[in-house]
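Subject: Structure for you to look at

Hello,

Here is the structure I promised to pass on. Please open it and keep it beside this email while you read.

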Amino acid sequence: MYTEKVMDHFSNPRNVGEIANANGVGEVGNASCGDIMKIYLKVEGDVIQDVKFKTFGCGAAIATSSMVTELAIGKTIDEALVLTNQAVAEALDGLPPAKMHCSNLAADALHEAIKDYREKHPA
Amino acid sequence: MNKIYLDNNATTAVKEEVLDAMLPYFREQFGNPSSVHWAGRMVSSAIEKAREQVAELLNCSPAEVIFLSCGSEGDNYAIKGTAEALKHKGNHIITTAVEHPAVLETCEALEKDGFEVTYLGVDRDGMLDLKELEAAITPQTILISVMWANNETGNIFPISEIGAIAKKHRVRFHTDAVQAAGKIPVDVRAANVDMAVISGHKIGAPKGVGAMYLKRGTKINRFMHGGHQERNRRAGTHNVAGIVGLGVACELALRDLDSNYAYVRQLRDKLEQGILETIPEVKLNGHPDADLRLPNTLNVSFNYIEGESLLLFFDMKGIAASSGSACTSGSLEPSHVMGAMGVDIVLAHSSTRFSLGPDNTEEEIDYVLNELPPIVQRLREMSPLYNREEPTPLSCDECRMVHRA
Ligand SMILES: Cc1ncc(COP(=O)(O)O)c(C=O)c1O
């Protein structure tokens, strides 16, 4: 049911963990749905230098979290803000239809982290 | 890769003896058992033999056995057939919140047709309060439906006691014995059951065949209309090979019940103790007294981890189990059984069922006990709920939680 890319990111997730001195942190999801994603950012200048994640959730939730970290690293925050959940799913060659709701929140978590960064670092 | 199958409550492989017994009924003895000629006659005796074998396992008369297409059909037939047949007497049905969907959704459908259904709750151990059950009976009550054993937790319900209550109040009693049959003794007479349902694929027969015990004299409306098969109680040309297989599977289940029970129980206990001893923060789901659970079933929640991701990691090691998480139930809610037991929502998403069978070995259990701790640790390290200080976000506006009280 999952694509090879999903299984690759699920079984070898990239950038798992926390960033000790993160300057933006975002979390989305809740326990009812069974998916919670937390994203840690290290932003320097306007560029995302490092991203890490922690996720409670199904295979799709972990794979999308992993993928969003790869997509975000090196991007400016404006570029990262236009990343959509859909784009993350597409980068994984798609998700099963049932997974498009709760489990596909990784870009939202990234945006929350950027929002947190912006609140803490008003331009 | 190792292939370790610990999902026998989902389905089982067809047993060799069962398959051997079935094969002649595809090509050599292909007749329709309702036909009068040689081809039909050859086959009808095979059906009657299977009927005896099923009756033997359930301790009823062969005439009380009806062959069906699956367990779900049996539950539908028993409940809808009773509701129709007895609607002049009353419109109230009592069941439990932890039944299989084949029972729950049938009852929900009847509610739309004007029947009233009481869904009895369970305690934290997943057990019923029989006083509550008895108190729920009203003059309108026409049916009590309680499963013999629960598919998720393995909890065994006190069917004889419920049978006595039903008899005392003259209410018909149906039990879904799909998980109990072949794993523990199922004596429908001793338990005062009026209708009991079993399914072939849970006991080493193929998928797509089941049977119902219908106590002599029990009035029920037909569910499947058509031909006069099964003494007019179930239309449809017999699934001869499947029925023959079900018969042999029942015979084997009865023959091997004691030895399999003891063997599987010992493996399950080993797995249970091993997991509870080596992995911290694991919760047992179901009755803590192992005698009150099926000998083959273990349901545990590995806190902080979502069930589907756990199953996928198990799968990479060749271990097949199942989960009560929303992601694996195909809905947005985790298992209704965990919900009814009041299991914390995170723990419900992490509930994992291991259901063993007589083909499992001690080496397999050792392997599983070896592989589990690092998988659990790895996923916990990945989880934002592990070692968390702030409260866990619990609710979601978009999701509806279903509470069956
Ligand atoms: C308790 C219980 N009842 C009914 C069923 C349905 O049986 P079947 O798959 O034969 O329709 C199952 C199997 O999933 C079950 O576990």
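B:Glu272 is buried, at 10% relative accessibility. Buried means under 20% relative accessible area, exposed means over 50%, and partly exposed is in between (1.4 Å probe, protein chains only).

Before going on, note that this is a predicted model: local features need pLDDT of at least 70, side-chain atom pairs count only at pLDDT 80 or more, and totals for chains, interfaces and linings use all residues. Residues are numbered from 1 along each chain as its sequence is written, chains are lettered from A and ligands numbered from 1 in the order in which they are written, and side-chain values use heavy atoms, leaving out hydrogens and water.

Back to B:Glu272. This residue forms a salt bridge with B:Arg268, with the closest N and O atoms 3.6 Å apart. A salt bridge is a side-chain nitrogen of Lys or Arg within 4 Å of a carboxyl oxygen of Asp or Glu. B:Glu272 and B:Arg268 are four residues apart in helix H8 (residues 240-278) of chain B, so about one helical turn separates them. Helices (H or I, at least four residues) and strands (E, at least two) are DSSP runs, numbered from the N terminus. B:Arg268 is buried, with a relative accessible area of 0%.

The pair belongs to a network of salt bridges that links B:Arg265, B:Arg268, B:Asp269, B:Glu272, B:Asp291 and B:Arg293. Over all chains, the search finds 25 salt bridges.

Here are two others. B:Lys270 pairs with B:Asp366 in a salt bridge, with the closest N and O atoms 2.8 Å apart. This pair links distant parts of the chain: B:Lys270 is in helix H8 and B:Asp366 in helix H13 (residues 362-382), 96 residues apart. B:Lys270 is partly exposed at 24%, and B:Asp366 is partly exposed at 36%.

B:Lys215 forms a salt bridge with B:Asp194, at 3.8 Å between the closest N and O atoms. B:Lys215 sits in the loop between strand S8 (210-214) and helix H7 (229-232) of chain B, and B:Asp194 in the loop between strand S6 (172-176) and strand S7 (195-199), so the pair ties together parts 21 residues apart in sequence. B:Lys215 is partly exposed, at 32%. B:Asp194 is buried, at 14%.

**Where the chains meet**

How much area do chain A and chain B bury between them? About 2300 Å², 65% of it on carbon and sulfur atoms. Buried area is the accessible area (1.4 Å probe) that two parts lose on being put together, summed over both. In chain A, the residues that lose the most area to chain B are A:Phe10, A:Ser32 and A:Phe56, together 26% of what that side buries.

The contact takes 30 residues from chain A and 32 from chain B. Contact means heavy atoms within 4.5 Å. Two salt bridges cross the interface. A:Lys99 forms a salt bridge with B:Glu308, with the closest N and O atoms 2.7 Å apart.

A:Leu110 lies in helix H5 (residues 106-120) of chain A. It is buried, at 0%. Beyond four places in sequence, A:Leu110 touches A:Ile39, A:Leu41, A:Val68, A:Ala72, A:Ala80 and A:Leu83.

A:Ala89 lies in helix H4 (residues 85-91) of chain A, and is buried at 2%. A:Ala89 and A:Thr64 are 25 residues apart along the chain, with their C-alpha atoms separated by 6.8 Å.

B:Ser350 is in the loop between helix H12 (345-349) and strand S13 (351-355) of chain B. It is buried, at 0%. Outside four places in sequence, its contacts are B:Val300, B:Ser301, B:Phe302, B:Asn303, B:Ile305 and B:Gly307.

**Cysteines**

How many disulfides does the structure hold? Zero, over all chains. A disulfide is a pair of cysteine sulfur atoms within 2.5 Å. B:Cys60 is buried, at 9%, whereas B:Cys70 is partly exposed, at 24%.

Best wishes
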